[in-house]
Each structure stands twice: as structure tokens, then as C-alpha cells.
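Please keep the sequence and the model at hand while reading.

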Amino acid sequence: DGYYNKQFIEMSAIGSGGFGTVFKVKHRLDDKIYAVKKVQFGDLSEDKKQKVVKEVKSLAKLDSEFVVKYYNSWLESNHLFIQMEFCSQSLQTLLTDKPIVFQRQPEDQMNTFEELLECVQYIHESVPQVIHRDLKPDNILIYPKFTFNRFIKLCDFGLATDHDINKQTASNDHTLGVGTLRYISPEVFHRKQYNHKTDIYSLALIGEQIFSIDPQISHSSQAIGSEFNKYYGNLYQTLQSMLSSPDYNQRPECREVLAKHNEWSIDKTVVTNHKEFNE
Ligand code: ATP
Ligand code: MG
Ligand code: MG
């Protein structure tokens with residue numbers, strides 16, 4: 001038996017995409033639960049191998065509170081394994097399983113959007129710059145513990161393939177049951193030239209979902225009251241600018257959106273209910 005089976009007991013599959021599958025595993029020695037991503041490797045072309053290895057290097061380099069914690073990676077029987085911390089929930093599970101709880105808390109929505117901007121700012125400003133390219137609620141994980149006073153972090157760095165994009169445009173998985181919502185930018189969808197601004201487009205779509213700005217979902221601000229109306233007005237405008245297309249260079253940087261967000265911010269001292277999501 002290889003290292004993987006010697007070290008870990010495989011418990012269940014969490015999710016899978018173009019190249020890989022993520023498993024929930026238990027370490028035989030330390031008894032802790034981890035997530036291990038198993039990526040097809042041996043059969044790939046040299047080009048793709050290099051790409052996969054580059055992304056492991058990104059994950060190792062992005063070691064921070066903004067990114068899922070990375071422990072180890074190794075090659076074994078035609079696969080590349082990536083050991084990470086295990087997060088029991090993603091933003092997707094929050095948006096679909098607990099939409100009512102989530103939508104009722106405007107502070108949670110604001111803080112989540114702000115944290116998301118901070119995460120993406122961090123990868124966009126790293127050297128060399130990392131473009132995520134596949135930002136979507138499944139790839140945004142919820143902290144297992146309320147550490148760093150933060151709620152969310154990113155996973156799935158640039159392992160996105162054309163296969164993933166095809167799957168995403170064909171599927172209905174990312175909706176709350178009200179029509180198709182895809183998270184990829186028009187330039188990536190049409191396989192045109194793109195840059196890090198593709199992530200800004202995805203962020204706006206995720207933002208719309210967090211704030212339930214969807215004509216078919218009742219607007220949560222109605223339940224919140226006028227205190228937040230100014231915030232939502234500014235937010236709406238900013239989200240529109242983040243969706244600018246085809247001239248994607250017109251989209252603002254994360255840093256710019258964050259600066260504006262701080263200007264309109266309401267009461268940042270509000271204690272949020274993030275903790276209850278982890279229970
Ligand atoms: P896809 O292309 O469909 O996004 P993928 O093969 O690129 O899938 P990941 O996105 O890295 O693989 O992982 C698949 C899913 O597993 C993620 O969307 C996420 O919800 C979940 N996942 C990934 N890493 C972890 C983790 N460390 N803890 C808990 N869940 C995770
Ligand atoms: Mg993914
Ligand atoms: Mg992926």
C-alpha cells in the first residue's frame with residue numbers, strides 16, 4: 001500500500017471536478033480530519049503536469065488566513081495528492097442550505113462580501129500574481145473555527161480546466177432554483193484573452209447572490225430597513241461596474257472596491273452571527 005492508505009483512512013468524497021476528487025480523510029496517527037485532493041497526474045501531458053505543479057506551488061506560497069491551509073503534497077501511483085485542512089462547509093452550502101438565516105443578517109452579508117474582496121485582493125497582489133479563474137460559492141470555504149476573526153477563505157487555485165468551465169456552463173447547480181447562474185466571465189466563457197479582472201466579474205455575481213440581488217429572489221433589504229438603503233445603492237452601482245464587459249479593464253480592482261466599501265460602511269462593530277453557521 002502507498003503513503004496515502006498508510007497515513008489516512010478515507011471517509012467520503014467531498015467533491016470532484018475536471019482533474020480531481022477531494023476526500024474527507026482521517027489521519028491514522030494524529031486522529032485529525034483532513035481534506036485530501038487527489039489529482040490525475042501520470043497521464044497528463046508535460047504542459048498540464050507543469051500547470052498542476054505550479055498550482056500546488058501557488059497554494060504553498062499563498063499560506064495565509066485568506067486561503068485554505070495547506071499541509072503537504074506528494075506523487076503516488078499516477079496521482080498528485082494535496083493534503084489540506086478540512087472545512088465542513090462552503091459558501092455554497094450556506095447559500096443553499098441556510099439562505100433564510102444568512103439573508104436575515106445584513107452584517108453577515110456585508111462582512112462576507114468584504115472578506116471575499118480581501119481574499120481575492122491578496123491573491124491578485126501576490127508575486128507572481130495568482131488569478132483564481134474559478135471563483136464560485138463551492139470554492140469559498142467556511143473556517144472550521146472562528147480563528148483570525150475571519151469567516152471565509154479560498155480554495156481550488158487555478159486547477160480550473162476548460163472541462164470545469166464546460167461543466168459549469170452546462171449545469172444548474174449554482175442556483176437557488178431560479179434559473180441558471182454561472183460565475184465565469186464572458187471573456188473566459190468565449191475563450192478570449194483574459195486577465196485577473198475575470199475574478200472581479202465572478203466576485204460581482206457572488207456578491208449579487210450573497211445580497212440576494214436577483215429579480216427572482218425577494219430583495220433582502222426590504223426586511224432590513226432604511227438604515228441600509230444607502231449601502232445597497234452604492235453596492236448595486238459597484239457590482240454593476242464589476243460586471244463591465246467586454247472592456248474588462250474598466251472593472252475596478254479589489255483594492256478599489258474595498259476602499260469604497262469602507263467609505264459606505266455602516267456599523268463595523270456589530271457582532272455577527274458567524275459562529276452559529278459552524279454549529
Ligand atoms: P471543480 O473543478 O468542480 O471546482 P476541483 O476538482 O477543482 O473541482 P476543488 O474545487 O478543489 O476540486 O474541490 C472540490 C470541492 O470540494 C470544492 O468545491 C469544495 O467545496 C470542496 N473542498 C475542496 N477543498 C476542501 C477542503 N479543504 N475542505 C472541505 N471541502 C473542500
Ligand atoms: Mg472547485
Ligand atoms: Mg477546480
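The model is a predicted one. The protein comprises 11 helices and 7 strands, and buried residues account for 51% of its 279 residues. Among contacts with a separation of 6 or more, 64% join residues 24 or more positions apart.

**The magnesium ions**

- The magnesium ion (ligand 2) has Asn139 (OD1) and Asp156 (OD) as its coordinating atoms, at 2.0 to 2.3 Å.
- Asn139 is placed in the loop between helix 5 (106–124) and strand 6 (140–142), and Asp156 in the loop between strand 7 and helix 6, so the pair ties together parts that are 17 residues apart in sequence.
- The distance between the magnesium ion (ligand 2) and the magnesium ion (ligand 3) is 3.3 Å, with Asp156 as the bridge.
- The loop that holds Asp156 runs between strand 7 (152–154) and helix 6 (162–170).
- Both Asn139 and Asp156 are buried.

**Helix 8 and helix 9**

- Helix 8 (residues 197–210) and helix 9 (residues 229–242) have axes that come within 8 Å and cross at roughly 145°.
- The crossing of helix 8 with helix 9 is left-handed.
- On the side of helix 8, the residues in contact are Ile200, Tyr201, Leu203, Ala204, Gly207 and Glu208, and they meet Leu239, Gln240 and Met242 in helix 9.
- Sorted by class, this contact consists of 6 nonpolar, 2 polar and 1 charged residues.

**Nonpolar cores**

- In soluble globular proteins, nonpolar side chains tend to be buried together.
- In this model the largest nonpolar core contains 58 residues, and Leu154 and Met242 have the most contacts inside it.
- Another core lies apart from the largest one and has 8 residues, including Tyr4, Phe23, Trp74 and Phe81.
- Met242, which also takes part in the contact between helix 8 and helix 9, touches Ile200, Tyr201, Leu203 and Ala204, among others.
- Further residues touched by Met242 include Phe113, Leu117, Arg251, Pro252 and Val257, when residues up to four places away in sequence are not counted.

**Two loop residues**

- Gly42 is located in the loop between strand 3 (33–40) and helix 2 (46–61).
- Gly42 has a relative accessible area of 28%, so Gly42 is partly exposed.
- Leaving aside residues up to four places away in sequence, Gly42 touches Lys49 and Asn78.
- Gly42 and Val56 are 14 residues apart along the chain, and their C-alpha atoms are separated by 16 Å.
- Tyr143 is located in the loop between strand 6 and strand 7.
- Tyr143 is buried, because its relative accessible area is 4%, and buried means under 20%.
- Although Tyr143 and Ser88 are 55 residues apart in sequence, their C-alpha atoms are 8.2 Å apart in space.

Key:
Residues numbered from 1 in each chain as written. Chains lettered and ligands numbered in written order. Predicted model: local features only at pLDDT ≥ 70, side-chain atom pairs only at ≥ 80, totals over all residues. Heavy atoms only, no water. Axes fitted to C-alpha atoms, helices over the stretch in contact; angles between N-to-C directions. Helix = DSSP H or I, 4+ residues; strand = E, 2+ residues; numbered from the N terminus. Left-handed = near helix turned anticlockwise from the far one by under 90°. Contact = heavy atoms within 4.5 Å. Nonpolar A, V, L, I, M, F, W, Y, C, P; charged D, E, K, R; others polar. Core = buried A, V, L, I, M, F, W, Y, C linked by side-chain atoms within 4.5 Å. Buried < 20%, exposed > 50% of the residue type's maximum accessible area, 1.4 Å probe, protein only. Donors = N, O, S within 2.8 Å, 3.2 Å for Na, K, Ca; no water.
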